[in-house]
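Keep the viewer open while you read.

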Amino acid sequence: MSLPFDVLADPTRRRMLGLLLGRPWLVGEMAQELEMSQPRVSKHLRVLRDAGLVTVRAEAQRRWYELRPEPLADLDAWLAPYRRLWTERLDLLEQHLETMPDIPEEQPPQAAEEP
């Protein structure tokens, strides 16, 4: 299993996947939404397609890009043990915070500064 970390390292590609999460998009729509040129969007989509993260469906002259969730599920499975580590640490932080008073103890008033 090859994980697509290098492909997902690019913030533009992550934004594109975020858009594709909701519905299939045309390149032109995506270019307008991301305020980028169509060739630049096409270049990123080709990288995502080569990594198996998106598929393209032809419909007459249009090309619809759709999210392909399987590689993301593999990535999620790979991250699962690390997520457990984070959860355990957050639970320890929560336990520590529970031992702290809700209202901080009052500080003694400091002497007024003399001019």
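Predicted model: local features only at pLDDT ≥ 70, side-chain atom pairs only at ≥ 80, totals over all residues.

## The strands

Strand S2 (residues 54-59) runs antiparallel to S3, and the two pair over six bridges. Helices and strands here are DSSP runs (H or I of at least four residues for helices, E of at least two for strands), numbered from the N terminus. Two strands count as paired if DSSP finds at least two bridges between them. Within this pairing, valine 56 sits opposite tyrosine 65 in S3. S2 and S3 make a hairpin with two residues between them, and alanine 60 in the turn has a positive phi of about 60 degrees.

S3 also pairs with S1, again in the antiparallel sense, over two bridges. Over there, leucine 26 faces tryptophan 64 in S3.

## What you're looking at

Residues are numbered from 1 along each chain as its sequence is written, and side-chain values use heavy atoms, with hydrogens and water left out.

## Helix H3 and its buried face

Which residues of H3 are buried? In this helix (residues 27-34), they are Val27, Met30, Ala31 and Leu34; buried means under 20% relative accessible area, exposed over 50%, and partly exposed in between, with a 1.4 Å probe and protein chains only. Seen down the axis of H3, these buried residues fall within an arc of 100 degrees, so they line one face of the helix. The arc is taken from the directions between the helix axis and the C-beta atoms. As a reminder, an α-helix has 3.6 residues a turn, so residues three or four places apart point the same way.

The buried residues of H3 pack against helix H2 (11-22), strand S1 (25-26), helix H4 (38-50) and strand S3 (62-67), with contact meaning heavy atoms within 4.5 Å. After H3 comes glutamate 35, whose phi is positive, near 55 degrees.

## H3 against H4

The axes of H3 and H4 come within 9 Å and cross at roughly 110 degrees. That makes H3 roughly perpendicular to H4, a label for angles of 65 to 115 degrees (under 35 is roughly parallel, over 145 roughly antiparallel, the rest oblique). Axes are lines fitted to C-alpha atoms, for helices over the stretch in contact, with angles from 0 to 180 degrees between N-to-C directions. H3 brings Val27, Gly28, Met30 and Ala31 to the contact, and H4 brings Gln38, Val41, Ser42 and Leu45.

## Threonine 12

Threonine 12 belongs to helix H2. Its relative accessibility is 16%, so threonine 12 counts as buried. Leaving out residues up to four places away in sequence, threonine 12 touches Met36, Arg40 and His44.
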